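This report covers helix packing, a ligand site and some backbone geometry. The structure comes first.

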Amino acid sequence: MNSINPRQIMDKLLKEVSKSVIGYEHEVKLLFACLIASGHALIEGYPGLAKTTLVKAFAKALGLSFSRIQFTPDLLPSDITGSLIFNPKIGDFEVRFGPIFANIVLADEVNRAPPKVQSALLEAMQEGQVTIGGKSYELPKPFMIIATQNPIELEGTYPLPEAQLDRFMIRIRLGYPSEDIELKIAENIDLGNVNSINTVVSKEEVDLLRSLMHSVYVDQSITRYIVNLIRLRGMPAMLS
Ligand SMILES: Nc1ncnc2c1ncn2[C@@H]1O[C@H](COP(=O)(O)OP(=O)(O)OP(=O)(O)O)[C@@H](O)[C@H]1O
Ligand SMILES: [Mg+2]
């Protein structure tokens, strides 16, 4: 049997990502847990809090394929999923796969694109497949969308509707850094770019952790606690 030390893997990842962004250890742990649990993540925060850099560093430290889609008002669903392109050499159409065909997809500033494009993304997240020219294609595994959203400068944006938010397993809200962290950012010129990030966790390690997830024992008292918490939060809204 393969022996694997999850804590060691997490430590390697945290150390590598901290070359580019600091103060986000907890967030990196959440992202990694989400990846292992086959979920998707939404990161919200004001401009300049290193959201994009955090995701790029996280993806680069893992031996997984990665793509970034910058959401803009003129983006089309096929810019994400792919389309049929006519190839004059063969006299026929062929599939050009879109950037969604990657293990980790950064959907940057997801609220800048209109609902039609967001739907194409959310559909792919739910179904794990994409239809191009009437034919379905499986997305790679693991498949994780990390979307970012900026809660200010809302003019001309399309915030994700409540019902679509639950396609994301976790929502991470970034706050402003502490004075100490800010001082470190100001002092370290190398922070903020991902050029020095190396792959420190292999796809095999990620796959193995994903396969072990199902054998994690969760006592019913914990599940009950989670359900109670959720019901507590949802009840007043349902009753009013
Ligand atoms: N915690 C941090 N660690 C390292 N660098 C940081 C941190 N916070 C901010 N920065 C600096 O902020 C810059 C902006 O980062 P980035 O573009 O990733 O932010 P963003 O949150 O994606 O911004 P926007 O919302 O404008 O897209 C980085 O180049 C980096 O220098
Ligand atoms: Mg950004």
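## Helix packing

Helices α2 and α8 are roughly perpendicular to each other. The reason is the crossing angle: their axes cross at roughly 70°, and angles of 65 to 115 degrees count as roughly perpendicular. The axes come within 9 Å. Helix α2 covers residues 25-36, and helix α8 covers residues 203-212. The model is predicted.

Which residues make the contact between α2 and α8? On the α2 side they are F32, L35 and I36. On the α8 side they are V206, L209 and R210. By class, this contact has 5 nonpolar residues and 1 charged residue. It has no polar residues.

## Ligand site

Ligand 1 is surrounded by 15 residues. The closest are I22, G48, K51, T52 and T53. By class, the shell holds 8 nonpolar, 5 polar and 2 charged residues. Which element gives the most to this shell? Helix α3, residues 51-61, does, with 3 residues.

Oxygen atoms of ligand 1 take part in several polar pairs. A polar side-chain atom of T52 lies 2.7 Å from an oxygen atom of the ligand. For K51, an N or O atom of the side chain is 2.8 Å from a ligand oxygen. G48 uses its backbone: a polar backbone atom there is 3.0 Å from an oxygen of ligand 1. How much of ligand 1 does the protein cover? On its own, the ligand has 660 Å² of accessible area, and the protein covers 73% of that.

## Backbone geometry

Two backbone features deserve a look. Most peptide bonds are trans, and most residues other than glycine have a negative phi.

Where is the cis peptide bond? It joins K141 and P142, with omega at about -5°. P142 is in the loop between strands β7 and β8. Strand β7 spans 135-138, and β8 spans 144-149.

S38 has a positive phi, near 60°, and is a residue other than glycine. S38 sits in the loop between α2 and β1, the latter spanning 41-44. Helix α2, on one side of that loop, is also the helix that crosses α8 at roughly 70°.

Terms used:
Residues numbered from 1 in each chain as written. Chains lettered and ligands numbered in written order. Predicted model: local features only at pLDDT ≥ 70, side-chain atom pairs only at ≥ 80, totals over all residues. Heavy atoms only, no water. Near = heavy atom within 4 Å. Polar contact = N/O pair within 3.5 Å; in protein donor to acceptor, adjacent residues only side chain to side chain. Areas by Shrake-Rupley, 256 points an atom, 1.4 Å probe, with all protein chains shown as cover. Helix = DSSP H or I, 4+ residues; strand = E, 2+ residues; numbered from the N terminus. Nonpolar A, V, L, I, M, F, W, Y, C, P; charged D, E, K, R; others polar. Axes fitted to C-alpha atoms, helices over the stretch in contact; angles between N-to-C directions. Parallel < 35°, antiparallel > 145°, perpendicular 65-115°, else oblique. Contact = heavy atoms within 4.5 Å.
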